[in-house]
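Here is a brief report on one protein chain. The sequence and the model come first, then the reading.

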Amino acid sequence: EDTMNVQFYRKKSAGKEFSAQADYIIRTVIAYQNRRQQRAHHGTCYDNDPHNLVCEELKQWTVVELLSFSGHEHETIELKHRIDFLYNVATDNFLFKPGGCMR
């Protein structure tokens with residue numbers, strides 16, 4: 001799987017219209033991941049580190065959930081909860097302790 005290529009996500013959209021917003025989100029996340037990987041010291045950036053996991057979750061969510069979003073109130077509430085969840089994970093400095101141990 002080439003999760004660092006927007007075409008991978010276009011194929012996963014299963015015929016749903018791939019909006020400019022979805023394309024922008026995925027391209028932005030991929031660009032961030034590429035920049036992060038380039039500036040990371042050897043051995044400090046790995047596939048399942050917390051930052052990368054949040055990025056992968058955001059790309060997956062964009063394809064699976066956002067493309068079917070219709071704007072109903074319950075969907076808007078779920079969207080807010082997902083954004084809050086991703087923000088909390090992304091900003092939790094203690095999610096993984098140094099040395100690769102999860103808390």
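## Overall layout

The protein chain holds 4 helices and 2 strands. From the N terminus on, their order is α-α-α-α-β-β. This is a predicted model. Of the chain's 103 residues, 24% count as buried. Take the contacts between residues at least 6 apart in sequence: 56% of them join residues at least 24 apart.

## The α2 and α3 pair

Two packed helices are described by the angle between their axes and the distance between the axes. Helix α2 covers residues 20-39, and helix α3 covers residues 50-64. Their axes lie 9 Å apart, at an angle of about 165°. Angles over 145 degrees count as roughly antiparallel, and α2 and α3 are therefore roughly antiparallel to each other. The crossing of α2 past α3 is left-handed.

| Helix | Residues in the contact |
|---|---|
| α2 | A22, I25, I26, V29, I30, Y32, Q33, R36 |
| α3 | H51, N52, C55, E56, L58, K59, T62, V63 |

By type, the residues of this α2 with α3 contact divide into 9 nonpolar, 4 polar and 3 charged.

## The aromatic pair

How many aromatic pairs does a search of the whole structure find? It finds 1. The partners are F8 and Y9, in an edge-to-face arrangement. Their rings are 4.9 Å apart centre to centre, with 90° between the planes. Planes over 60 degrees apart count as edge-to-face. Both F8 and Y9 are buried.

Note on methods: Residues numbered from 1 in each chain as written. Predicted model: local features only at pLDDT ≥ 70, side-chain atom pairs only at ≥ 80, totals over all residues. Heavy atoms only, no water. Axes fitted to C-alpha atoms, helices over the stretch in contact; angles between N-to-C directions. Parallel < 35°, antiparallel > 145°, perpendicular 65-115°, else oblique. Left-handed = near helix turned anticlockwise from the far one by under 90°. Contact = heavy atoms within 4.5 Å. Nonpolar A, V, L, I, M, F, W, Y, C, P; charged D, E, K, R; others polar. Phe/Tyr/Trp six-rings, centres within 6.5 Å; stacked < 30°, edge-to-face > 60°. Buried < 20%, exposed > 50% of the residue type's maximum accessible area, 1.4 Å probe, protein only.
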